[in-house]
Amino acid sequence: MSDTLLDVRHLSRRFDVSAPWLNRKLEGLDKTYVNAVKDVSFTVAKGQTFALVGESGSGKSTIARLIVGLLEPTEGEIVFDGTSLARGLKGAEARRLRRRFQMIFQDPLASLNPRWRVTDIIAEPLRVFERSMNDRARHLRVGELLTLVGLSPEDGLKFPHQFSGGQRQRIAIARALAANPEFIVCDEPTSALDVSVQAQILNLMKDLQDEFGLTYVFISHNLQVVRHMATEIGVLYLGRLAEVGEAEALFATPQHPYTRMLLDAVPDIEMTGRRRKKVEGEIPSPIDPPPGCPFHPRCPFANARCRSEVPGLTRRGPQAAACHAVEEGRI
Amino acid sequence: MTQPVLSVRNLTVEFPTRRGILTAVQDITFDIMPGEVLGVVGESGAGKSMTGAAIIGLIDPPGRIAKGEIWLGDQRIDNLAPDRMRKIRGRRIGMIFQDPLTSLNPLYRISRQLIETIRTHLPLSQADARKRAIKLLDDVGIPDAARRIDDYPHQFSGGMRQRVVIALALCADPEVVIADEPTTALDVSVQAQIIDVMKEICAERGAAIMLVTHDMGVIAETADRVAVMYAGRLAEIGPVASVIKNAKHPYSQGLMGAIPKLGENLDRLVHIPGSMPRLNAIPQGCAFNPRCPQVFDKCRTHRPAASEIEPGRRAACWLYPEVTEA
């Protein structure tokens, strides 16, 4: 597709979780690593919402941090609008690219400086990216942004602790929008919020997307929220993509056994009387992942090949799954 | 007619502070029948956990039960002396808290914690208590219980730990289990397992459960009846299917519409403007009136009581002519 905005290619990131040097020498231990993200590839088209779902430890937040440059990839490449964000991107070019994407974090209380007034918080990206802007223009712009996210310009004089959780997340959104980005990475933006407030924030994010043609990478563990927001979904399991595809198709006909299990596990709030299959097991430790397909110890369709060989993504219509059983037509 | 195993009558919990008295729970009345699962939902600050804490007598001072009665079977328990309450807590009322790591002692083996609890409440020998503990672990679905009983809490995964906590709550075969957000710290796939365990256990042992959670999905899967709380008050209570499909109170209607669902893809979710009032600024009249789309004059001045509007259903909303003033 020509309107690809973000292209993530074979992204991997491992963390060193070894014991301290002295312990290693005394106890004869090797270095240990966690492969938080392993060989993940996906593309995000302009104006779309790409959601990453997965349970804790699946690597979704690591991917968010890799995309915005808070972490550097061990392997692989991230291409934003034709330019590779490889290591060493510096100076004016970095600034030009960086202002085009922003991030919203899970906990707005932790991501807003408690000792700054809201005006200063929202104006900070403007001070960095719009150096020629004068104080008056900046002040007006902050007022505009506050109105945009459903607060009033007078709220700018207050401090973050004077707001409720939902309002704080609105402030974080206003700050993310300050520099007119095209692309926002949202890491669990509503999981700290109550449902009625979550609905407000999700509606706001959708409205802003329509208004400014924003592209989102939306990270969440909540499948209902993802279903509501996403046009495209990637399902992560132990740092690898288990399945990726169009949201509609993925929810209607999940291919990968893990996706099926995950959808099955969602509580049946509509009370359709759907019978749930029994869910087996839990995510194993990422320090010592099972060989072969990482899902095989929990998978009802696993065979010898699954236990030894890592499956690659194979595309089938609107979605692609990394599963030997799907590839061989066993399920 | 059977007697309710737990009966809460006009419960009011207050916190006296320097700036006046805060009412965390106001005038709540409900019953739980033997073997029934009552879900209690609400957003943060709705008073749902506080209601649970009041029942087990664990309100932190200076909080106090200012009004109302709590009956466990035919015994009144809200005014018991602390040492008598301690004999009931764990024996007749079991507790499951949100975070399994903080409800287990990390320095003791699971076996010691289970056996200690069992022997505190039941006249069993060490060996019998151990047998009972293994049986309990087996019941809550811990594989190879006889071996794992001597593990420490950190050797269990999150879901397994929560199973241990459930076993701990069931040690003395309580009549009621208060489960406060038992699945909130867990992933969806594990949450589904824990819900299944709780449902099975409840059905087998005939224990009633008061399930406190903010997750309507968990309620839909588990509960027989549901109580919706808002700003410390009961907004609505009734059978779970009818509350979910046909909510009466505008707050529960909004709450249901605000939850994204798998089966449908709406463009927008129902928008309840504003957020829950703080305890020191609960509006006059109906607490929900500033956010209510159907508000009228009476709502701003008179507080509705949760009154029966249909057999088995109560709601606190002036839209229904049966509703009386509190």
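1. A charge is taken to sit over a ring if NZ of Lys or CZ of Arg is within 6 Å of the ring centre and within 35 degrees of the ring normal. In this predicted model, A:Arg14 meets that description, lying over the face of A:Tyr33 at 4.0 Å from the ring centre.

2. A:Tyr258 and A:Phe295 form an edge-to-face pair, with 5.3 Å centre to centre and 65° between the planes. This pair links distant parts of the chain, its members being 37 residues apart. A:Tyr258 belongs to helix 11 (residues 257-265) of chain A, whereas A:Phe295 belongs to the loop between helix 11 and helix 12 (304-308). Both A:Tyr258 and A:Phe295 are buried.

3. Ring pairs in chain A also build a cluster, whose members are A:Phe80, A:Phe101 and A:Phe183.

4. The interface between the two chains may be described next. On the side of chain A, 39 residues are in contact with 47 residues of chain B. The area buried between chain A and chain B is about 3700 Å², and carbon and sulfur atoms give 51% of this area.

5. As to polar features of the interface, the count between chain A and chain B is 10 residue pairs in polar contact, with both residues at pLDDT 80 or more. The count of salt bridges between chain A and chain B is one. That salt bridge is formed by A:Asp207 and B:Arg268, whose closest N and O atoms are 2.7 Å apart. Helix 8 (195-212), helix 9 (223-229), helix 10 (247-252) and helix 11 of chain A each supply at least two residues of the side that touches chain B. Helix 8 of chain A gives the most to that side, with 10 residues.

6. Helix 1 (residues 48-55) of chain B is largely enclosed by the rest of the structure, because six of its eight residues are buried. The buried residues in this helix are B:Lys48, B:Thr51, B:Gly52, B:Ala53, B:Ala54 and B:Ile55. B:Gly57, which follows helix 1 of chain B, has a positive phi, near 70°.

7. B:Ser111 lies in helix 4 (residues 110-121) of chain B. Its relative accessible area is 6%, and a residue counts as buried under 20%, so B:Ser111 is buried. Leaving aside neighbours within four places in sequence, B:Ser111 is in contact with B:Arg130, B:Ile149 and B:Asp150. B:Ser111 and B:Asp150 are 39 residues apart in sequence, yet their C-alpha atoms are 5.5 Å apart in space.

8. B:Arg148 is placed in helix 6 (residues 145-148) of chain B. With a relative accessible area of 18%, B:Arg148 is likewise buried. When neighbours within four places in sequence are left aside, B:Arg148 is in contact with B:Ile142, B:Pro143, B:Gln155 and B:Phe156.

Technical notes. Residues are numbered from 1 along each chain as its sequence is written. Chains are lettered from A and ligands numbered from 1 in the order in which they are written. This is a predicted model: local features need pLDDT of at least 70, side-chain atom pairs count only at pLDDT 80 or more; totals for chains, interfaces and linings use all residues. Side-chain values use heavy atoms; hydrogens and water are left out. Rings of Phe, Tyr and Trp (its six-membered ring) pair if their centres lie within 6.5 Å; planes under 30 degrees apart count as stacked, over 60 as edge-to-face and the rest as tilted. Helices (H or I, at least four residues) and strands (E, at least two) are DSSP runs, numbered from the N terminus. Buried means under 20% relative accessible area, exposed over 50%, partly exposed in between (1.4 Å probe, protein chains only). Contact means heavy atoms within 4.5 Å. Buried area is the accessible area (1.4 Å probe) that two parts lose on being put together, summed over both. A salt bridge is a side-chain nitrogen of Lys or Arg within 4 Å of a carboxyl oxygen of Asp or Glu. A polar contact is a pair of N or O atoms within 3.5 Å; within protein, one must be able to donate a hydrogen and the other to accept it, and residues adjacent in sequence count only if both atoms are side-chain atoms.
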